[in-house]
Amino acid sequence: MESAAGLCERSTSPHSPNNLISGVEGNASTEIKEIPVKWLAFFRNKGKGFAGSISGRLRVTEVSILPNVDDPEFIDGKVVCEIEVTEDMCNARGVLHEGCTFFLLDECSTVAMVVANAHNGFNDSPGVSQTINTFYHRSALPGAKLRIVSTSISSGLDKYVGKCEIRDIGHNHLVASGIQQMMPPSTPYQWMAKY
């Protein structure tokens, strides 16, 4: 499998990190700002696979490292993305599909956790989802511009947690929110050795 950096370095798309990073706001270093852009490109897998065309339209607008409000000794990674709702993201009723909402929450909360881990020196793969709790608040119609704000809650080597809110910017309402817990994946050798 090709690395995230390799996918991005060869990309000539307007969505490549070199073209996007200049417009990304926030207080994170350039290296940290590149991480969510590269991981989203890696998840997208050159527009192939599940929802690759949707993931390809996600635009990272902010990457920040913030002190945790409740415990200033810890930091939170914050990543803000934007995307416009299009017909391919909608269900038969013509509104943003719940599965697409879940997909956006999964990818965007993951990169917030990766940013926090990278800031703390754990620059590794994002891991696998253990659980994702999603709450659907209101529908979004085609043409709606969504702002997806994801923040890490905890980071580290064994488990990490992130939260996410998806808002319709034009109508100023919350579309969905959720919390995801992730863990490092088992390597095949570790789980195969059990049998």
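**Close-up views of the predicted model**

**View 1. A salt-bridge network joins Arg59, Glu82 and Lys145.** The model is predicted. Lys145 and Glu82 meet through their side chains at 3.2 Å, N to O. Lys145 sits in strand β4 and Glu82 in strand β2, so the pair ties together parts 63 residues apart in sequence. Glu82 is buried, at 12% relative accessible area. Lys145 is partly exposed, at 42%. The salt-bridge count comes to 7.

**View 2. Asp88 and Arg57 form a salt bridge between two loops.** The N to O distance is 2.9 Å. Asp88 belongs to the loop between β2 and α5, Arg57 to the loop between α4 (52-55) and β1.

**View 3. Arg93 pairs with Glu98.** The closest N and O atoms of this salt bridge lie 3.9 Å apart. Arg93 is exposed, with 60% relative accessible area. Glu98 is partly exposed, with 31%.

**View 4. Leu104 in the largest nonpolar core.** This core holds 41 residues; Leu104, Leu146, Ile148 and Ile166 touch the most other members. Helix α5 gives the largest share, 10 residues. Beyond four places in sequence, Leu104 contacts Ile54, Leu58, Ile83, Met89, Leu146, Ile148 and Ile166.

**View 5. Helix α5 and the glycine after it.** Of the 22 residues of α5, 17 are buried, so the helix is largely enclosed by the rest of the structure. Gly121 follows α5 with a positive phi, near 90°.

How values were computed: Residues are numbered from 1 along each chain as its sequence is written. This is a predicted model: local features need pLDDT of at least 70, side-chain atom pairs count only at pLDDT 80 or more; totals for chains, interfaces and linings use all residues. Side-chain values use heavy atoms; hydrogens and water are left out. A nonpolar core is a set of buried Ala, Val, Leu, Ile, Met, Phe, Trp, Tyr and Cys residues joined through side-chain atoms within 4.5 Å. Buried means under 20% relative accessible area, exposed over 50%, partly exposed in between (1.4 Å probe, protein chains only). Helices (H or I, at least four residues) and strands (E, at least two) are DSSP runs, numbered from the N terminus. Contact means heavy atoms within 4.5 Å. A salt bridge is a side-chain nitrogen of Lys or Arg within 4 Å of a carboxyl oxygen of Asp or Glu.
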